[in-house]
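The sequence and structure follow.

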Amino acid sequence: MSYETLSDAVVKGDINTAKEETQKAVEAGDNVQDILDSGLIAAMDIVGDQFSQGLMFLPQMLHSAKTMQECVELLKPHFQEGGVTTKGKVVLGTVKGDLHDIGKNLVGMMLEGAGFSVIDLQVDVAPEAFVAKVKEEKAEIVGMSALLSTTMPAMSQTIKALVDSGIRDQVKVMIGGAPVTAKYAEEVGADAYAPDAGSAVIEAKKLLGID
Amino acid sequence: MLIVGEKINTSIKKISQAVESGDSAFIAQVAQQQVAAGADFVDVNAGTFVEKEVDYLPWLVKTVQSSIDIPLCLDSANPEALIKALEFHKGEPMVNSISLEEERFHSLLPVITAHSCKVVALCMAQTGMPTAADDRVSVASELIERLTSAGIALEAIYVDPLVQPVAVDVGMGSAVLQAIPTIMERFPGVNTICGLSNISYGLPARRLVNRNFLTLAIAHGLSAAILDPTEKHLMSNLLATQMLLGQDEYCSDYIKAYQGGSIEDN
């Protein structure tokens, strides 16, 4: 099934057309997972890609994400028992001592847009809280954000807490935020570094061997 | 309008390299350029070095003040680094910044009350970042009340309403613009300050957005700004705005800048 009109509408942030197209597909009896994958997620892949290349700007990306969310709301009543297949579970949060949430929220939004299931622990998240949630949710990825050079060490502390609790090898660690660098990610033993929301999606897929 | 030159910050690669290699001539040059361009204060920030900040911040203070004769804005949340930097500082510095985050507030309060200094009060609460203008006003009010009851004069307080990107929420610009006059009317004598670059995060042609925001903020009463004074277009806008608001008698600052070749007119 091709959903070109729907995808185009999501990329353009045309909420009305996107909702109409989603509704039409549902009424035609299309597979909901198919609408999600080939229509909405495919569109957000394009958005993430264009954003990373500087062809789309942040407000446009947010507009697309909002459009997708509205369409997902229309799909929800039709999800099968047990919901839809997700690409993987990501526990996300801004590290302890840090209250900056903008970048972390963008990453969460783009990961959801790409079909991941995101558990957002919000801001000022203690290492133990990350560990507990990863265990509870059996998450495949933990994503940490820090906007301050002073709070970056909390990333290393969280990784250490994952090691100490014996679950480091069960979860991939991805980090990002303005002062964070690829070199720092390597130093603290993270599995991936994502400089922006678009690359967070790419890195998350790589970590789980998707695509 | 008080201008704080933002260029000596180790998050800028060249500065970081100069600090690591002890290149005092380069640091002095960046300081002098900013003063020549109109900076009243020069900001020094070595926060990216985390542990070494304790050594680098005092070094920056000594290095900068041996080349220029104006006070500095000590940009750090590390009380230890600030105490050491303050030892070497000549004149009355500005400390950037205290906030309502409990740990930060309690660790920095004794530092700023022990010295005569101006202090930037950042509208960051214990629980998170403000969104609406009202959030900013209530965080600012609590901060101002706590600082003044600790003996700090209203005139020494520079409230930073915390600028956030309009790309993420189009209300972020007006939230700051509304908060500025409200805070200043509620606490006559208090100052306001902000940086500019956050406003344009995620947008193309950021400098255009920054300088228009500066114009609007000045029109709403902003008393100080942290910016790059060597950016000609920005400073031209600032001078023209102040003149248009009647803050430049006989238009003399504007004309002087023009005659000095620092007004950008296109």
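A:Val90 stands opposite A:Ile141 in β3(A). In this predicted model, local features need pLDDT of at least 70 and side-chain atom pairs pLDDT 80 or more, whereas totals for chains, interfaces and linings use all residues. Residues are numbered from 1 along each chain as its sequence is written, chains are lettered from A and ligands numbered from 1 in the order in which they are written, and side-chain values use heavy atoms, without hydrogens and water.

Strands β1 (residues 89–94) and β3 (residues 141–145) of chain A run parallel and are joined by 5 bridges. Strands are DSSP runs of E with at least two residues, and helices are runs of H or I with at least four, numbered from the N terminus; two strands pair if DSSP finds at least two bridges between them. The open sheet of chain A has 5 strands in the order β2-β1-β3-β4-β5, with parallel pairing. Its edge strands, β2 (117–120) and β5 (192–193), each pair on one side only.

Two helices of chain A touch these strands through contacts (heavy atoms within 4.5 Å). Angles run from 0 to 180 degrees between N-to-C directions of axes fitted to C-alpha atoms, for helices over the stretch in contact.

| Helix (chain A) | Strands touched | Angle |
|---|---|---|
| α5 (residues 102–113) | β1, β2, β3 | about 170 degrees with β1(A) |

In chain B, B:Val64 is in contact with B:Ile8, B:Ile27, B:Ala31, B:Val42, B:Val44 and B:Leu72, leaving aside neighbours within four places in sequence.
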